[in-house]
Amino acid sequence: MFVGADARQLVMTGLCGRYTTFSSFSLQTLNLARDGENLLAGANVVLSVVLCLLAVWAGFIAANALNQLRGT
């Protein structure tokens with residue numbers, strides 16, 4: 001009502017996408033732990049966080065490289 005359709009769509013996609021991704025990760029980890037797969041549950045948490053941080057770092061490097069190509 002107070003924002004345009006594009007802004008509303010961006011916010012809703014971001015919120016819903018983030019919520020479902022985190023929920024899936026949490027449920028998967030919980031199921032592994034409940035099944036007695038504690039090592040796999042721990043590995044799921046550690047690898048998810050490490051790979052996420054690596055992806056953010058790679059995106060940051062790529063964005064900086066593109067910005068330098070554009071001259072900004």
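1. Basis. This is a predicted model; local features need pLDDT of at least 70, side-chain atom pairs count only at pLDDT 80 or more, and totals for chains, interfaces and linings use all residues. Residues are numbered from 1 along each chain as its sequence is written, and side-chain values use heavy atoms, with hydrogens and water left out.

2. Helix α2. Helices here are DSSP runs (H or I, at least four residues), numbered from the N terminus. Helix α2 covers residues 38-70, 33 residues in total. From first C-alpha to last it reaches 48 Å, close to the 48 Å expected. The expected span is 1.5 Å times one less than the number of residues. Gly71 follows α2, and its phi is positive, near 85°.

3. Asn44. This residue is found in helix α2. Asn44 counts as buried because its relative accessibility is 16%. The classes are buried under 20% relative accessible area, exposed over 50%, and partly exposed in between (1.4 Å probe, protein chains only). Leaving aside neighbours within four places in sequence, Asn44 is in contact (heavy atoms within 4.5 Å) with Phe25, Gln28, Thr29 and Leu32.

4. Ala43. Helix α2 also holds Ala43. At 28% relative accessibility, Ala43 counts as partly exposed. Its C-alpha is separated by 44 Å from that of Phe2, 41 residues apart along the chain.

5. Nonpolar patch. A nonpolar surface patch of about 1,100 Å² deserves a look. Its members are Val45, Val46, Leu47, Val49, Val50, Leu51, Leu53, Leu54, Trp57, Phe60 and Ile61. Patch residues have over 30% relative accessible area and no salt bridge; nonpolar side chains (Val, Leu, Ile, Met, Phe, Trp, Tyr) are joined within 5 Å, like charges within 9 Å. A salt bridge is a side-chain nitrogen of Lys or Arg within 4 Å of a carboxyl oxygen of Asp or Glu. Areas come from the Shrake-Rupley method with a 1.4 Å probe; for residues, only the protein chains shown count as cover. Trp57 lies in helix α2. With 55% relative accessibility, Trp57 counts as exposed.

6. Aromatic pair. Rings of Phe, Tyr and Trp (its six-membered ring) pair if their centres lie within 6.5 Å; planes under 30 degrees apart are stacked, over 60 edge-to-face, and the rest tilted. The count comes to 1 aromatic pair. Phe22 and Phe25 form it: tilted, 6.1 Å centre to centre, with 50° between the planes. Both lie in helix α1 (residues 5-34), 3 residues apart, about one turn of the helix. Phe22 is exposed at 56% relative accessible area, whereas Phe25 is partly exposed at 22%.

Technical notes. Helices (H or I, at least four residues) and strands (E, at least two) are DSSP runs, numbered from the N terminus.
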